[in-house]
Amino acid sequence: MDSNRKTAIAAGLLFIAATAASLLGTAIEPVLTAAGYLTRISENATRVSGGGLLELIAAGTSASIAISLYPVLKRWSATLALGAVVFRAIEATMYAVGAMSMLSLLKVGQQFTQVAGADRAWLQAIGDSLVGVKQDAILAGVFAFAVGALMYYYVFFQSRLLPRWLSGWGIAGVLLMLVACLSALFSRNPVTSYTILILPIAVQEIVMAVWLIARGFSTAGIEPGTIERVRAA
């Protein structure tokens with residue numbers, strides 16, 4: 001098995017892990033957005049802890065995807081391959097911040113249920129701040145994902161390392177994800193609430209993952225370095 005085939009399999013497995021972790025992690029959102037969420041967090045400690053763990057898994061796999069693809073993509077465009085690594089590393093950092101905020105809410109929720117009266121007011125304020133940090137961090141992470149993913153989907157499309165229908169689907173899905181991010185930014189709703197806009201890229205990444213594992217990269221692509229020569233012209 002050559003290095004390109006190993007890279008394709010590794011990337012495919014990482015895409016599946018990242019997508020699954022991100023989608024499963026959204027199951028915790030109703031707990032954080034409902035009225036009396038601090039009490040509900042205390043009552044659902046295991047679920048909240050699991051959500052935090054899933055976000056940490058999503059963080060690690062997100063950065064690992066771009067890193068695993070870098071050795072292949074750099075032959076066509078080192079600039080875009082490195083850019084994808086940078087932006088998906090930013091995404092991972094933001095997801096980690098969101099996970100830490102969520103896990104911090106566990107302690108606040110436990111204290112909230114043990115006190116009464118005025119003491120609850122400042123715990124509520126801390127909880128609201130942590131929820132706000134989490135939502136802003138996840139939104140920033142998804143923005144970074146969109147930019148990084150757009151870079152490697154562009155390389156896939158131009159190089160024909162993957163079928164153009166598949167990489168084109170990825171580009172379209174990322175653009176819809178950007179619409180979801182902008183909608184969340186201006187509405188102050190969680191980006192995960194825009195399911196109809198997120199679903200296309202989620203499905204595409206699973207399909208692409210299966211393709212990478214089963215078929216790998218195409219050997220009939222354009223010559224390495226073509227993209228950067230065209231961009232420099």
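Analyst: Happy to. On a 1 Å grid over the protein atoms alone, a pocket is an open set of points with protein on both sides within 12 Å along at least five of seven lines, whereas a cavity is a set of points where a 1.4 Å probe fits but cannot get out; lining residues have an atom within 4 Å of a point. Grid points are joined across faces, edges and corners, and a volume is the space filled by probe spheres set on the points. The model is a predicted one, where local features need pLDDT of at least 70 and side-chain atom pairs count only at pLDDT 80 or more, while totals for chains, interfaces and linings use all residues. Residues are numbered from 1 along each chain as its sequence is written, and side-chain values use heavy atoms, with hydrogens and water left out.

User: How much space lies in the largest pocket, and which residues are closest to its centre?

Analyst: The largest pocket holds about 530 Å³. It is lined by 28 residues, with S22, L23, T26, Y95 and I198 closest to the centre. Helices here are DSSP runs (H or I, at least four residues), numbered from the N terminus; α1, α4, α5, α6 and α8 each give two or more residues to this lining.

User: How do I read the class of a lining?

Analyst: Ala, Val, Leu, Ile, Met, Phe, Trp, Tyr, Cys and Pro count as nonpolar, Asp, Glu, Lys and Arg as charged, and the others, Gly among them, as polar. The lining of the largest pocket then has 15 nonpolar, seven polar and six charged residues.

User: How many cavities does the search find?

Analyst: Two of 30 Å³ or more turn up in the whole structure. The largest has about 70 Å³ of space, and its lining consists of Q135, D136, L139, A184, L185, R188, N189, P190 and V191. Helix α6 gives the most to that lining, three residues. The second largest cavity, of about 50 Å³, is lined by E29, K134, Q135, I138, P190, V191 and T192. Its largest share, three residues, also comes from α6.

User: What makes up the largest nonpolar core, and which members touch the most others?

Analyst: A nonpolar core is a set of buried Ala, Val, Leu, Ile, Met, Phe, Trp, Tyr and Cys residues joined through side-chain atoms within 4.5 Å. Buried means under 20% relative accessible area, exposed over 50%, and partly exposed in between, with a 1.4 Å probe and protein chains only. The largest core has 49 residues, and L69, Y152, F156 and F217 touch the most other members. Its largest share, 11 residues, comes from α6. Contact means heavy atoms within 4.5 Å; leaving out residues up to four places away in sequence, F156 touches L69, L73, L161, L162, S167, M208 and F217. Apart from this core lies another of 15 residues, including I28, L32, L106 and F112.

User: Why does T93 count as partly exposed?

Analyst: T93 counts as partly exposed because its relative accessibility is 44%. This residue lies in α5.

User: And how do I check a helix such as α1?

Analyst: Compare its span with the expected one, which is 1.5 Å times one less than its number of residues. The 23 residues of α1 should span 33 Å, and the end C-alpha atoms are 32 Å apart, which agrees. Among its buried residues are T7, A11, L14, F15 and A18, and what covers the buried residues of α1 includes α4, α5, α6 and α8.
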